[in-house]
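Good morning, and thank you for coming. Please have the sequence and the coordinates open while I go through selected parts of this assembly.

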Amino acid sequence: MAGLTLRSVHKAYGDVPVIKGVDLDIEHGQFVVFVGPSGCGKSTLLRMIAGLEDITDGEIRIGDRVVNEVEPRDRGVAMVFQSYALYPHMSVYDNVGFGLKLAGTRKEIRDAKIRAAAKVLQMEHLLDRKPGQLSGGQRQRVAIGRAIVREPDVFLFDEPLSNLDAALRGDMRMELARLHSDLDATMIYVTHDQVEAMTLADKIVVLDGGVVQQVGSPLELYNKPANLFVAGFIGSPKMNLISVTSQAGGTVVSPALAAPLPLPALQHDLSAEAKLTLGIRPHDLALAPDGPLKGQVRLIERLGNETIVRVMLPGNTEITAALPGQDRIETGETITLGFKAESAHLFCEDGARF
Amino acid sequence: MTDKTTSIPDALPTSKRLPPSRGSRKTRTAAWLFVAPAFIAYAAFVLAPLVMSFYYSFLRWDGIGEASFHGLTNYITVLTDRDLLQIIGNAFQLVLYFTLIPVVLGLAVASAIRSHMAGRFGTITRTVLFLPQVIPLVAAGIAWSWMFASTGLVNQTLKAIGLSSWARGWLGDFVWALPAVGIIGAWVLLGLCTMLLVTGITKIDPSLYEAARLDGARPWHEFRYITLPGLRQEIGVCITVTVIAALASFDIVYISTQGGPGITTTVPGLEIYRLAFAHRQVGLASALAIVLMVLVLISIAPVQWFTRDKK
Amino acid sequence: MTATATTTPNTLIARSLIILLMIVTLLPFLSMLSAALAPQGTYPNGLQWPADPQWGNFVRAFEVAKMDQLLLSSTLIVLGVVPISVLIATMAGYGLAKLTTNKYKWLYLVFVFGLTLPFEAVITPLYYEVRALGLLNTRFAIILPLIGLYMPFSVYWMRAHFLNVPHDLTEAAQLDGATRWKEFWLVQVPLARPAIMSLTILLFLWTWNQFLLPVVLVQDPMQRTMAGALGAFQGQWGTDIPLLCAGSLLILAPTVALFLLFQRQFVAALMQGAVKG
Ligand SMILES: Nc1ncnc2c1ncn2[C@@H]1O[C@H](COP(=O)(O)OP(=O)(O)OP(=O)(O)O)[C@@H](O)[C@H]1O
Ligand SMILES: [Mg+2]
């Protein structure tokens, strides 16, 4: 059983801090996804776990073992790279078996393991080829196969699907999910694609600027984003954010709102006149003749199953709404939108959830 | 020594984002272990002799007996002695032949052909033009000594076209020996430069020429404004290679003229050899060696600088 | 022949120019050949097919020059220099490209500094160094210094290659459990084969054709390289033109033969070698 523990992990390149104190507990068998915008330190964190990057400060434990000073090869981890990193001069068979060979595994055992992995990944017919003769998806399979045969405690993936086209990415995503349930191993997966994150993860870690913003299951993150960053990052289309001011009596006002809006969440709060941000997901909006949001339709994207409209509210605030696919709305029309009070999110001035 | 003077182009833009996982102590130890053998060989047979050369250059020493400190006298001699100055001048005169002829002819061929030399003709051309690069320079020297001999092919040709009065023993002639040596070097380097330039020109986008023609460019303009700038790097390479070959042209001179007649074809490399091993003036030879090294560096630096700033 | 290269007047000019260049390149060889076939002791003309070609001159030159011994000597020197140089330069190139940070750029610059160094600049102290080592007049007097003298170019060359190898491969190998040494042999060296091949060709040529070091450091022509021996041969038989020309042709024959066999590889190596050196 190998879980993974990070305690106040720091990383700096020279004087530039990149990871600024990450604490994380990952249990054995979990599928954990790191998401965040480009440059936020996802890869760096993953590579620190792999041992490819020194740890400036803090502690990483795999199982009960502190691995800060342990060589990558001795950590019991396997990694799948974005570029696949297959050895171009070796056949698929040798690529997959390279780690076993280095470990001095007997030939018959090695052969059995390679063939088993190939079977799992449905690439038995590719074993004699060189990586140069494979398609992107096939290379990806080989890279995963190479990780599987080593039977690691922890699998690490750094944006493994980002070089594939959309359809293939969907297939591979399902395959990875299947693999995870088959292998019963801990997997850590880096992506900046939130669909991948939402569909694959048991637990999502949202990173920004080298700091963990929130850790939770996909639905927790969607339903209760801990701060504005997570709110804006998770969910597509993005959550609408409207600046509002609270008033005594549990209502908020804003130029964008037709009338003061009562919010149950505010009932307990006594201080008046706080600057807040109101967040509403596009999918929580619906046409409502007496709703609080009234504005002119600027742009319509008809996707069939739903229609995305962009609406300009007074006070120069633009919001997005996802409406049923068959709604007859025209550009330039004025519409009124409403939402359930409990689906509204409120954030304080510092960005934290209210 | 600055970056500019020493480095021949870095070929590849070193990635901005350095490969990570390099800081650790273990990696550092491994790095040293991998580099050590090469470095030891380099230090033992290049750096150490270089330091010794520098040290000797301040001595008066016959290589056998006692050495005495001689201050800067050797350097002053190198830079003032008329013979030594002429010898250094010879080297630079050779640069004219070694560099100019191959580069000009190579450019002419390249801009006339301006396409890849494919097929049989290309293969044969490449094979033939590279022959002089494959044989020892000494062999080139012997071959051309024979060409320039009094009954050699050069004189034979001159007589055949009615210029008998021009015929002479070229390598023994006070005026013509140095140009003749220059021709040998040009012959050796011609093929290499031509092929480099021809290859370089195929990398220029042909649509540039079409666009220029639409703009009303004459052939000269095309050459001046497209070919020449496009070949800047290749020209830089040719000049670098040929200048070094000219300044360090020991083999050819040793075989074809032994530096004569008089010292009209003596070059620094040959003079170092003579001073050190025939005249037993090790200090002076070393000073000349250091001067030669510096001369090569300062001749190459501007070329490198000129062809580099492209990025 | 490409479609564009057939008709235009420009191409014709270029063709003629190239053919002229080829003739100029070949003439010295032909002239030597014609002289080599002239009767012994005569003073032949520049380019004139002898009435009675004396092919026997080559046999005589072979015996006089002791070509068999020379071939052996050159081969021994090449075998002493090239494999070791290629090996340690490949190691150093890998070390410099993959294992060091920017902080150690100076180390690379120290190597690069030697790139433009003429051998003549260090030949005097080399003589005394080799003498102190007691190696004067042995093949090691040529072998050891050459290894050192080749390092700037070789290290520069291999480092440039290794910089181009994706770093992911190194990391993948590390995760697969390879030590640096194993990674080097099992991953990097097989991938570096083309670069190693070119370097081997270049070092072979430069060693085989090396002249200065043998002349200064080795008295006995039989311990020298082919090129070095040619110097001695000329000194001894310089007045016997047919014999000299026959000997020279024999001495340059091995490299030319290899060149014709591996024409493509040689040309590629020489071109890249020039560009990078
Ligand atoms: N070797 C390095 N030297 C200096 N800075 C680095 C180095 N590697 C990464 N960084 C910096 O560290 C930060 C985090 O990089 P990292 O690769 O972890 O981002 P990421 O979240 O994986 O981004 P992406 O989604 O684009 O892959 C970036 O700002 C990057 O510029
Ligand atoms: Mg990344």
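Two strands are taken to pair if DSSP finds at least two bridges between them. Helices (H or I, at least four residues) and strands (E, at least two) are DSSP runs, numbered from the N terminus. This is a predicted model, in which local features need pLDDT of at least 70 and side-chain atom pairs count only at pLDDT 80 or more, while totals for chains, interfaces and linings use all residues. Residues are numbered from 1 along each chain as its sequence is written, chains are lettered from A and ligands numbered from 1 in the order in which they are written, and side-chain values use heavy atoms, with hydrogens and water left out.

Let me begin with chain A. Chain A contains 8 helices and 20 strands, and its C-alpha trace spans about 75 × 45 × 35 Å along the principal axes. Of its 354 residues, 51% count as buried; buried means under 20% relative accessible area, exposed over 50%, and partly exposed in between, with a 1.4 Å probe and protein chains only. Contact, in what follows, means heavy atoms within 4.5 Å. Among the contacts in chain A with a separation of 6 or more, 64% come from residues 24 or more positions apart.

In chain A, 4 strands make up an open sheet with the order 2-1-4-5 and antiparallel pairing. Strand 2 (16-26) and strand 5 (65-66) of chain A are at the edges with a single partner strand each, so one side of each has no neighbour in the sheet. Strand 1 (residues 4-13) of chain A is joined to strand 2 of chain A by 8 bridges, and the two run antiparallel. A:L4, for instance, has A:I26 in strand 2 of chain A as its bridge partner. Across strand 1, strand 2 and strand 4 (57-62) of chain A lies helix 1 of chain A, which runs at about 115 degrees to strand 1 of chain A. Here axes are lines fitted to C-alpha atoms, for helices over the stretch in contact, and angles run from 0 to 180 degrees between N-to-C directions.

Next, strand 6 of chain A. In a regular strand the side chains alternate between the two faces of the sheet. From strand 6 of chain A, A:V77 and A:M79 point one way and A:A78 and A:V80 the other, and all are buried. Strand 6 of chain A runs parallel to strand 7 (residues 154-158) of chain A, with 4 bridges joining them, and A:M79 stands opposite A:L156 in strand 7.

How does A:H180 count, buried or exposed? A:H180, in helix 5 (residues 166-183) of chain A, counts as buried because its relative accessibility is 13%. Beyond its neighbours within four places in sequence, A:H180 is in contact with A:G29, A:Q30, A:F31, A:A185, A:M187 and A:D202.

I turn now to helix packing. Two packed helices are described by the angle between their axes and the distance between the axes. In chain B, the axes of helix 8 (residues 177-202) and helix 11 (residues 232-247) come within 9 Å and cross at roughly 165 degrees. Helix 8 of chain B is therefore roughly antiparallel to helix 11 of chain B; angles under 35 degrees count as roughly parallel, over 145 as roughly antiparallel, 65 to 115 as roughly perpendicular and the rest as oblique. The residues of this contact divide into 10 nonpolar, 2 polar and 1 charged. In that scheme, Ala, Val, Leu, Ile, Met, Phe, Trp, Tyr, Cys and Pro count as nonpolar, Asp, Glu, Lys and Arg as charged, and the others, Gly among them, as polar.

In chain C, helix 11 (residues 226-237) and helix 12 (residues 241-261) pack at an angle of about 175 degrees, with axes 10 Å apart. Helix 11 of chain C is therefore roughly antiparallel to helix 12 of chain C. Their contact residues divide into 8 nonpolar, 3 polar and no charged.

Finally, helix 7 (residues 167-175) of chain C is mostly covered, with 8 of its 9 residues buried. Against what do these buried residues pack? Their partners are helix 1 (42-50), strand 6 (77-80) and helix 4 (136-149) of chain A, together with helix 3 (67-99) and helix 8 (180-191) of chain C. C:A173 lies in helix 7 of chain C and counts as buried because its relative accessibility is 0%. Leaving aside neighbours within four places in sequence, C:A173 is in contact with A:Y87, C:A178, C:E183 and C:V187. Helix 7 of chain C is followed by C:G177, which has a positive phi, near 100 degrees.
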